[in-house]
Amino acid sequence: MLYAILAYHVEDEILSWTPEKDAAVVAKVIEVQAPLRASGHFGPAARLDETRKARTLRGPGAGVVLDGPFAETKEQLLGFHLVEYDTDEEAIAAARTLRQVNPSAVYEIRPVKLYVPANGFGATPSGE
C-alpha cells in the first residue's frame, strides 16, 4: 500500500531561517531520505512554497480563484496532483479541468519549492 506523508510546520518559523540554516535542514532531510529511497520504500518528495503564494479554486461552474490558502474544516486533504507549468494561470486552468469531473472538490494550487524525484513504485493494485 502507498502512503502519503504530509509535512506540517509553523510556516513563520521556517521563513525566519537563514538561507544557510534552510539549506542545512534540507540537506539533513535528504540524508535521512537516502536509505529509505535506496530500500525502495521512498518515492518523490516536494516542499511547497509559501502559503501566501497559494490559490484556491472553489465554487460552482468554473469556480472562483481566491488568493491564499482557505482550507475549511469540512474539507480534508484527500489527494494531490503534481503538475508542471510556467505560470499560475496554467496551473489554475489544469485545476479547472480536474474540477470538470469532480465539481464539488476544492483545489489548492501551490508552487513547489523543492522537488526530489525518485524512480517511483508503479501503480497501486485496484481494490486497495
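**Strand pairing and salt bridges in the predicted protein chain**

Strands E2 and E3 form a hairpin in which five residues lie between them, and Gly59 in the turn has a positive phi of about 100°. The structure is a predicted model, for which local features need pLDDT of at least 70 and side-chain atom pairs count only at pLDDT 80 or more, while totals for chains, interfaces and linings use all residues. Residues are numbered from 1 along each chain as its sequence is written, and side-chain values use heavy atoms, with hydrogens and water left out.

The protein chain has three helices and five strands, assigned as DSSP runs (helices: H or I, at least four residues; strands: E, at least two) and numbered from the N terminus. Their order from the N terminus is α-α-β-β-β-α-β-β. Of the contacts (heavy atoms within 4.5 Å) with a separation of 6 or more, 66% are between residues 24 or more positions apart. Buried residues make up 20% of the 128 residues, where buried denotes under 20% relative accessible area, exposed over 50% and partly exposed in between (1.4 Å probe, protein chains only). The accessible surface is about 9,900 Å², and carbon and sulfur atoms contribute 58% of this area; areas were computed by the Shrake-Rupley method with a 1.4 Å probe, and for residues only the protein chains shown count as cover.

Leu57 stands opposite Val65 in E3 and opposite Tyr107 in E4.

Side chains of opposite charge can pair when their charged atoms come close. With a salt bridge defined as a side-chain nitrogen of Lys or Arg within 4 Å of a carboxyl oxygen of Asp or Glu, the count comes to five. One of these joins Asp22 and Arg47, at 2.7 Å from N to O. This pair links distant parts of the chain, with Asp22 in helix H2 (residues 19–38) and Arg47 in strand E1 (residues 45–48), 25 residues apart. Asp22 is buried, at 17% relative accessible area.

A further salt bridge connects Lys53 with Asp49, the closest N and O atoms being 3.2 Å apart. Lys53 is partly exposed at 29% relative accessible area, whereas Asp49 is buried at 13%. Arg52 and Glu50 also form a salt bridge, with 2.6 Å between the closest N and O atoms. Here Arg52 is exposed at 56% and Glu50 is buried at 16%.

Terms used
Two strands pair if DSSP finds at least two bridges between them.
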